[in-house]
Amino acid sequence: MILSKTIEIAERLALKTNPGYAIALLNRLPPSAISLLQRIRFRETLKLAGKSEFYSQRFKDRNIDIRSITHPAPLGDFFTPSGDLQKYGA
């Protein structure tokens, strides 16, 4: 958890600087750190989506337990059609 917090701090600092410096700073992170950051962001996105009535129902309809998902692959072909976004809102 300490590593993930350190990476998050580095990311926040990079995003508060000019884009060129941010890219240079983030490019210095080892691939394992980038991978960890991606997994953390993915989990945060799933948690946020799970709080939505729309997405929680879609997950339930497809028997997807977001608590057990750590990688996008188990989501399969799960997506939100544009018609749903128009009907239910963003």
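## Confidence

The chain of this predicted model has a mean pLDDT of 84, with 96% of its residues reaching 70 or more. Confidence is lowest in helix H1 (residues 2-15), where the mean is 73, and highest in helix H4 (residues 53-61), where it is 91. Where pLDDT is low, the predicted coordinates should not be read in detail.

## Helix H3

Helix H3 covers residues 31-50, and its 20 residues, taken at 1.5 Å a residue, should span 28 Å; the C-alpha atoms at its ends are 28 Å apart, which agrees with that expectation. The buried residues of H3 are Ala33, Leu36, Leu37, Ile40, Phe42, Leu46 and Ala49.

## Aromatic cluster

Five aromatic pairs are counted in the model. In one of them, the ring centres of Phe54 and Tyr88 lie 5.1 Å apart with the planes at 40°, so the pair is tilted. This pair links distant parts of the chain, since Phe54 belongs to helix H4 and Tyr88 to helix H5 (residues 82-88), 34 residues apart. Phe54 is buried, at 16% relative accessibility, whereas Tyr88 is partly exposed, with a relative accessible area of 44%.

The rings of Phe59 and Phe78, by contrast, have their centres 5.0 Å apart and their planes at 25°, so this pair is stacked. Because Phe59 lies in helix H4 and Phe78 in the loop between H4 and H5, the pair ties together parts that are 19 residues apart in sequence. Phe59 is buried at 5% relative accessibility, and Phe78 is buried with a relative accessible area of 18%. Ring pairs link Phe54, Tyr55, Phe59, Phe78 and Tyr88 into a cluster, and Arg58 lies over the face of Tyr88, at 5.3 Å from the ring centre.

The model has three salt bridges in total. Asp77 pairs with Arg62, the closest N and O atoms being 2.5 Å apart; both residues lie in the loop between H4 and H5, and the pair links parts of the chain 15 residues apart. Asp77 is exposed at 54% relative accessibility, while Arg62 is partly exposed at 37%.

Arg67 and Asp65 meet in a further salt bridge, at 3.0 Å from N to O. Here Arg67 is exposed, at 70% relative accessibility, and Asp65 is partly exposed, at 34%.

Key. Residues are numbered from 1 along each chain as its sequence is written. This is a predicted model: local features need pLDDT of at least 70, side-chain atom pairs count only at pLDDT 80 or more; totals for chains, interfaces and linings use all residues. Side-chain values use heavy atoms; hydrogens and water are left out. pLDDT is the predictor's confidence in each residue, from 0 to 100. Helices (H or I, at least four residues) and strands (E, at least two) are DSSP runs, numbered from the N terminus. The expected span of a helix is 1.5 Å times one less than its number of residues. Buried means under 20% relative accessible area, exposed over 50%, partly exposed in between (1.4 Å probe, protein chains only). Rings of Phe, Tyr and Trp (its six-membered ring) pair if their centres lie within 6.5 Å; planes under 30 degrees apart count as stacked, over 60 as edge-to-face and the rest as tilted. A charge sits over a ring if NZ of Lys or CZ of Arg is within 6 Å of the ring centre and within 35 degrees of the ring normal. A salt bridge is a side-chain nitrogen of Lys or Arg within 4 Å of a carboxyl oxygen of Asp or Glu.
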